[in-house]
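Subject: A structure to look through

Dear colleague,

Please find below the structure that I promised to hand over, with its sequence.

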Amino acid sequence: MYKIAVVDDEPLMLEGFSKAVDWRNHGYELSGLFRNPSGLLEFCKRENPDILLLDITMPEIDGITLLRDIKKQFPEMYVIMLTAHNEFSYVRDSLRYHADEYLWKPEISFQDILECMNRLIEGKSIDSVTEETEDRTLYEFIDYRKEECHFSSEVLKEMSQDVEYALKMEDVERLQETWRRIEEMITEDRPPKESLMSSMLHLFYAYQNYFQDCDLEQGDEGEEKEILSIFCRQNTYEEFNHEIHLIFDNFHTFLVEKKKKENFELCRRIAAYMESNMADMDLNLMQVAKAIGLSYSYCSRMFPEITGKNFSHYLIDIRMDKACEYLKYSNYKIARILELVGYKDKSYFIKSFRQYTGLTPFQYREKYRLKRGEEQVKGNEKVSNP
């Protein structure tokens, strides 16, 4: 027996729910009726209803805000939004916060609600909006053939979750690969257009929320309307994929550039800290992560991507580069140089230096001392023979 809860400020609506249908005969238990949302969250924690029917417009709190809180705390609960207003903004906001269905009160019967709940429970929700949006018609694909459709909403849902996870992790390669699979699925499984609409809008809102959280101006209202216009014009599967690809690929290009800038800045900070602290013979990745404000696990995972090397190789390189600089331009003894670059053992330092340059520290210093002498002689000759 699946539990239903209803939130609606209209007494007649609630009375209709309680008397119009024998819910138990259809496998449902009407476990809660609310004229206002007061106490709803506590009720959900206690009773854990399977389906919540939620009115959008209520005097104390709007249904969209409540939807957001419900989905945050009870992500597995199915939520069907109800409204007397057939306005696109309500559809958009319901989809943005992951409502599972959207029904317009003046045009629904209790049989419609029952069928909608059955679809959700059976995993057959078309997860779509078929009404006109902004007075525009949702056109089917020109080359859609019902007999050729092998579409699974569950497969698309899994792919959409992969996109959201990759976006959260800022994994652009995974994002692009998952979108490639989505486009391939659309071409091969040939779904009706209405089965794609809310998923595409959900994904757009996921990108939009990501950019807003980062205080970035991407995924604006113009692109939202462009996505809708793709659904509201006649096109083939190939044309649809191409147009959707252009919008989301633009986001991915932006993400790539953003990540390049962030990695460049992180690399600069890592290099600055390690160069300033290379004399510390116990310098380690945990110290570096803490100093630049990253978690150790994130720094460990990202270090090779940011610097192009693992931590130990990167540390050796900056120490050897600095040792070369001291040998070229200072008169420090080798014993002093190895201290300045964080080595304890002289023989180990010489061995490491030779592996890095092909020369011993003494040979390296002599080579550049001779070279500087030759350059000085040439410079004097030019002065003497202008």
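Predicted model: local features only at pLDDT ≥ 70, side-chain atom pairs only at ≥ 80, totals over all residues.

What follows is a description of the strands, the cores, the aromatic rings and a few single residues.

Residues are numbered from 1 along each chain as its sequence is written, and side-chain values use heavy atoms, with hydrogens and water left out.

Let me start with the strands. Helices (H or I, at least four residues) and strands (E, at least two) are DSSP runs, numbered from the N terminus. Strand 3, residues 51-55, is mostly covered, since five of its five residues are buried, where buried means under 20% relative accessible area, exposed over 50%, and partly exposed in between (1.4 Å probe, protein chains only). Ile51, Leu53 and Asp55 point one way from strand 3, whereas Leu52 and Leu54 point the other way, and all are buried. Strand 3 runs parallel to strand 1 (residues 2-7), to which four bridges join it; two strands are said to pair if DSSP finds at least two bridges between them. Within strand 3, Leu52 is the bridge partner of Ala5. Strand 3 also pairs in the parallel sense with strand 4 (residues 78-83), over five bridges, and there the bridge partner of Asp55 is Leu82 in strand 4.

Helix 1 (residues 11-19) has Met13, Leu14, Gly16 and Phe17 as its buried residues. They cover an arc of only 160° around the axis, which puts them on the same side of helix 1; the arc is that of the directions from the helix axis to the C-beta atoms. The face turned away from this buried side carries the exposed residues Leu12 and Lys19. What covers the buried residues of helix 1 includes strand 1, strand 2 (28-34), strand 3, strand 4 and helix 5.

Next come the cores. A nonpolar core is a set of buried Ala, Val, Leu, Ile, Met, Phe, Trp, Tyr and Cys residues joined through side-chain atoms within 4.5 Å. The largest one has 34 residues, of which Trp179, Ile182, Tyr207 and Phe248 touch the most other members. Two or more residues each come from helix 6 (153-169), helix 7 (172-189), helix 8 (194-213), helix 9 (221-231) and helix 10 (237-276), and helix 8 gives the most, with eleven residues. Apart from this core lies another, of 20 residues, among them Phe34, Leu40, Leu67 and Val79. Contact here means heavy atoms within 4.5 Å, and, not counting residues up to four places away in sequence, Phe248 touches Trp179, Met200, Leu203, Phe204, Tyr207 and Ile227.

How many aromatic pairs does a search of the whole structure find? It finds 24 of them, where rings of Phe, Tyr and Trp (its six-membered ring) pair if their centres lie within 6.5 Å, and planes under 30 degrees apart count as stacked, over 60 as edge-to-face and the rest as tilted. Phe141 and Phe240 form an edge-to-face pair, at 5.2 Å centre to centre and with 90° between the planes. Phe141 lies in the loop between helix 5 (110-121) and helix 6, and Phe240 in helix 10, so the pair ties together parts that are 99 residues apart in sequence. Phe141 is buried at a relative accessible area of 4%, and Phe240 is buried at 0%. Lys193 lies over the face of Phe141, at 5.0 Å from the ring centre; a charge sits over a ring if NZ of Lys or CZ of Arg is within 6 Å of the ring centre and within 35 degrees of the ring normal.

One aromatic cluster is formed by Trp179, Phe204, Tyr205, Tyr207, Tyr210, Phe211, Phe248, Phe251 and Phe254. Of these, Phe251 has its place in helix 10 and counts as buried at 0% relative accessibility.

Finally, Lys259 also lies in helix 10 and is buried, with a relative accessible area of 16%. Leaving aside its neighbours within four places in sequence, Lys259 is in contact with Glu170, Asp171, Met302 and Glu305.

With best wishes
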